[in-house]
Amino acid sequence: MSSTTLGYSVNGQFGIGIKRCEFSFEGNGTDDIDVDTIHGDMGLVSSIVHTGTGLYTLTLKDAFTRVLGISGVGVSTSTATMVVNSLVISNEGTSTPISATLTSTTVATGAAIDLPVAGRVFMTMVFQDNV
């Protein structure tokens, strides 16, 4: 039986106005991420700009009411497993597209690390809209 206070979709997602985006991209060392390496985002990601060691600004093409979560994991033949998390979320609840500052760190040491060239990152972003 479904709750009357939560929305339910065919994929089993509970919540009102929940939207989920899962995608991957390839690292590019100290350069910005090449948008041609972003796959699965259905055009949602506008850019991923390298702003410092292990720091990136991810900008979307759309606005959302609220960001519920952003996380990712990276793999590479040249670097230990990496984790990508959000530090700062900007433009929630405005008509301006969401922007997030991401940090990339190694799992082993927690040290900031640039995403290695051809290293693969798998991201999940969850949003809430229409609340």
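Tutor: Let us begin with a definition: two strands pair if DSSP finds at least two bridges between them. The model shown here is predicted.

Student: What makes β1 and β7 a pair?

Tutor: The requirement is at least two bridges. Strands β1 and β7 are joined by 9 bridges, therefore they count as paired, and they run antiparallel.

Student: Why is Ser-24 called buried?

Tutor: Buried means under 20% relative accessible area. Ser-24 has 6% relative accessibility, so Ser-24 is buried. This residue belongs to strand β1 (residues 18-26).

Student: How do you know that the side chains of Ser-24 and Arg-120 make a polar contact?

Tutor: A polar contact requires a pair of N or O atoms within 3.5 Å, one able to donate a hydrogen and the other to accept it. The contact between these two side chains is at 3.3 Å, so the distance falls within the cut-off.

Student: Why is Ala-118 called exposed?

Tutor: The term exposed applies over 50%. Ala-118 has a relative accessible area of 53%, therefore Ala-118 is exposed. Ala-118 is located in the loop between β6 (99-106) and β7 (120-128).

Note on methods. Residues numbered from 1 in each chain as written. Predicted model: local features only at pLDDT ≥ 70, side-chain atom pairs only at ≥ 80, totals over all residues. Heavy atoms only, no water. Helix = DSSP H or I, 4+ residues; strand = E, 2+ residues; numbered from the N terminus. Buried < 20%, exposed > 50% of the residue type's maximum accessible area, 1.4 Å probe, protein only.
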